[in-house]
Amino acid sequence: MRISASQLLFATLLFLVLGSACRRDEYLIYDVDPIGVTGLNTGKNKLKTNSQYISILYANLFQKALSANQLVEINNLIESIGDKQLAHEIIVSNLMNRNDVRIPSMQEMRADVDGFINETYKRFLVREPTESERSWFRNFIQTNTFVSPEIVYLSFALCDEYQFY
Amino acid sequence: MNRRNFIKKLGTATAAAMVLPYILPTGRLFAATGSQLAPHVVFVMFAGGVRQQESVLQRYLADSQQFSSEGNIMSNMLNGAAPALKVAYGTDPGVGPRGSIPIPPILGQTLQSQGLLFPELRATTAGHYSGYNTLLTGNTGTTQGLRQKPIYPTIFEYLRRHAGTPASKVWFVGNTIGNSLPLLNYSDHADYGVAYGANFLAPNLTFGSSGITHLSNAKVYHPEEEMAPMLQMKYFLNNSYNSGGGVILPNIGNTDAEKQEIKDFVRDTFSKVQTNQVAFPPINDNGDLRNVGFACEVIRRFRPTLTVVNLSSVDGCHSNFTGYLRSLHRADHAVGYLWNFIQTQVPDMAGETVILVSPEHGRNLNPNPILDENDWAAYDHSDANSLRTFSLMAGKGVPSNLIRGSEANPLGSSMDHVLTMAEILGIKSQVQMSGLLAPGTQSLFDRI
């Protein structure tokens, strides 16, 4: 069989085209690198002493330090009540009754609910809220029109996370 | 319904009916099975260190100051005539020697006549805090550290765990926050602990001047419009913290309703303090007497299953023997007033209560060199005489006018009180089976 030059050229080109088109498979693996994930609050595992609790609470509510005499007095009063959470509730509700407690107004809170939530988390829990926490609080404050900033502060001052550092 | 389904459903319903009634609100599966002598116990820790010689032996100054004057200065608790000479333990007259007017007895019949006296009991220790531990745990306080929670479970925990008693029905009313007293409302024991603790209150402090400053002006929140959303937000925050790996907060387990009741009690008591309406005894010139007045308010409000009241003014005996005699006489006045209050002012508990009274330990045989205003020598607590003490109980189910043991024949131990209270409250077998009492500990009823 006689092969013409043009046929030979076509066969050569075909071989080159097909040969370059066929490449070895590259096995790519798409995965997620293992990264240690922790909750925002897992570092808080040391219980505040009564003195720490009352000092921090006072600073959070009044934006100033508690005097040493008052610290000793309130510390002793907490000692005098066995249920510490109950003692904290009584102390906080007394502090809330003072005129100089620094709490945003109802209008300020409702004008910028997200800002209020962020600030409250940072003030009491020293962290940003997660998106789900922000969403829950936004929804709760917006649907319960009588919820005041004071009540929100009260819940933060008495929650478990606030008792730890 | 076919026969097979009917039998299956019947079986399930029967099993549920057998199990469910025994799941108590506190999570306990089975109700206490022991028979109860009385539904209420009041235990007065007649503490501070009481010398046998001036108490049950009624030797007044004869065995302490080498002066021949004998007699009973505990006229509510013990039978016996008062001293005739050198009376210095009473109240002050307008004119005349200090303390020369004895406080009239409150009870028409002494607790000794009404009940059971163990006049010569043995304490296990001569230290206050270890003595308290012994009275409340039924075990020796010998390895108990100061400023450390009790090693062994307290009677509060036994009661709450084995009888399913709510927290607001178990109270420990202390006269101070000193001497590690606030640590005694629950132990560190792994099987018991904070979840079964008692409500502690040191009312002289809570309702004192600093309490009026910092606690009496609590804001009253509207239960539905303010407290309910506050609790909702708090629960959300707690769930968020706990689901993120947070630590469980130690909690004695007052429910929200119980907490509210206690807050109401605190508010009402402040009102009573400010209007002089607290149920103080007729003479209330020391901390013990005021403490008993507040204990009466707790009893009237909560009608506790178990109330422990601590007194300790007699410990002034380290430096002032006259003050010690005055305090001992007043401690007796406090006990008489407390028992009378229960019988006359708390209808639910009258005739349904047992009272126990016992010091945590005694005091030394020989004095230290300190002399007081009357040149009387003072006494510490460290020798064998300090281990001599007594126990007195009266009330429902307690034999009357009975004495067991004597100076020559000591009977009973200060550790016996836990099992005695357990027997009264119907949890004796559970406490025994815990295996956490000291060997040889018995109920005082078993020593009769």
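Visitor: At what angle do helix α6 (residues 113-125) of chain A and α7(A) pack?
Guide: In this predicted model, they pack at about 125°, and their axes are 10 Å apart. Helices here are DSSP runs of H or I, at least four residues, numbered from the N terminus. Axes are fitted to C-alpha atoms over the stretch in contact, with angles from 0 to 180 degrees between N-to-C directions.

Visitor: Switching topic: how many residues does each chain put into the contact?
Guide: Chain A puts in 41 and chain B 43. On the chain A side, α3 (68-79), α4 (84-95), α7 (131-143) and α8 (149-158) each give two or more.

Visitor: Which gives the most?
Guide: That's α4(A), with 7 residues. The chain A side as a whole splits into 19 nonpolar, 14 polar and 8 charged.

Visitor: And B:M45, what does it touch?
Guide: Leaving out residues up to four places away in sequence, B:M45 touches B:Y132, B:L135, B:V308, B:V309, B:N310, B:L311 and B:E360.

Visitor: How's the numbering done, and which pLDDT cut-offs apply?
Guide: Residues count from 1 along each chain as its sequence is written, with chains lettered from A and ligands numbered from 1 in the order written. Local features need pLDDT of at least 70 and side-chain atom pairs 80 or more, while totals for chains, interfaces and linings use all residues.

Key
Two residues are in contact if their C-beta atoms, placed from the backbone, lie within 7 Å. Ala, Val, Leu, Ile, Met, Phe, Trp, Tyr, Cys and Pro count as nonpolar, Asp, Glu, Lys and Arg as charged, and the others, Gly among them, as polar.
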